[in-house]
Amino acid sequence: MIILGLILLLIGWLASISILTTIGIILIVIGVVLWILGATGRAVGGRKYWY
């Protein structure tokens, strides 16, 4: 999710498409939050593991 957010952010910034930039920033923030929660061992969505 973080990588997709970075790609959309760069495309939106280079092509001057503000909606892609906004979606990219949102995906990066959500991805970082989920990554931090997962790294601390906290259950995300009721599941402690992805499988």
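User: In which helix is Leu34 found?

Analyst: Helices are DSSP runs of H or I with at least four residues, strands are runs of E with at least two, and both are numbered from the N terminus. By that count, Leu34 is found in helix 2.

User: What kind of model is this?

Analyst: Residues are numbered from 1 along each chain as its sequence is written, and side-chain values use heavy atoms, with hydrogens and water left out. Local features need pLDDT of at least 70, side-chain atom pairs count only at pLDDT 80 or more, and totals for chains, interfaces and linings use all residues: this is a predicted model.

User: Is Leu34 buried, partly exposed or exposed?

Analyst: Buried means under 20% relative accessible area, exposed means over 50%, and partly exposed lies in between (1.4 Å probe, protein chains only). Leu34 has a relative accessible area of 37%.

User: How far apart in space are Leu34 and Met1, C-alpha to C-alpha?

Analyst: In sequence, Leu34 and Met1 are 33 residues apart. In space, their C-alpha atoms are separated by 9.6 Å.

User: Which residues make the nonpolar surface patch of about 360 Å²?

Analyst: Patch members have over 30% relative accessible area and no salt bridge; like charges are joined within 9 Å, and nonpolar side chains (Val, Leu, Ile, Met, Phe, Trp, Tyr) within 5 Å. A salt bridge puts a side-chain nitrogen of Lys or Arg within 4 Å of a carboxyl oxygen of Asp or Glu. Areas come from the Shrake-Rupley method with a 1.4 Å probe, and for residues only the protein chains shown count as cover. The patch is made by Met1, Ile26, Ile30 and Leu34.

User: What separates the C-alpha atoms of Ile30 and Gly5?

Analyst: Ile30 sits in helix 2 and is partly exposed, at 40% relative accessibility. Gly5 is 25 residues from Ile30 along the chain. Their C-alpha atoms are separated by 9.4 Å.

User: Which residues does Leu9 touch, not counting those up to four places away in sequence?

Analyst: Leu9 belongs to helix 1 and is partly exposed, at 23%. Its C-alpha lies 4.5 Å from that of Gly24, 15 residues away along the chain. Contact means heavy atoms within 4.5 Å. On that basis, Leu9 touches Leu20, Thr21, Gly24, Ile25 and Ile28.

User: Why does Thr21 count as buried?

Analyst: Thr21 is found in helix 2. Leaving aside neighbours within four places in sequence, it contacts Leu8, Leu9, Gly12 and Trp13. Thr21 counts as buried because its relative accessible area is 19%.

User: Which backbone oxygen does the side chain of Thr21 reach at 3.2 Å?

Analyst: A polar contact pairs N or O atoms within 3.5 Å; within protein, one must be able to donate a hydrogen and the other to accept it, and residues adjacent in sequence count only if both atoms are side-chain atoms. A polar atom of the Thr21 side chain lies 3.5 Å from the backbone oxygen of Gly12. At 3.2 Å, the Thr21 side chain reaches the backbone oxygen of Ile17.

User: What is the phi of Ser16?

Analyst: Ser16 lies in the loop between helix 1 (2–15) and helix 2 (18–39). Ser16 counts as exposed, because its relative accessibility is 67%. Most residues other than glycine have a negative phi. Ser16 has a positive phi, near 55°.

User: What share of the residues of the chain counts as buried?

Analyst: The chain has 2 helices and 0 strands. It exposes about 4200 Å², with 76% supplied by carbon and sulfur atoms. Of its 51 residues, the buried share is 16%.
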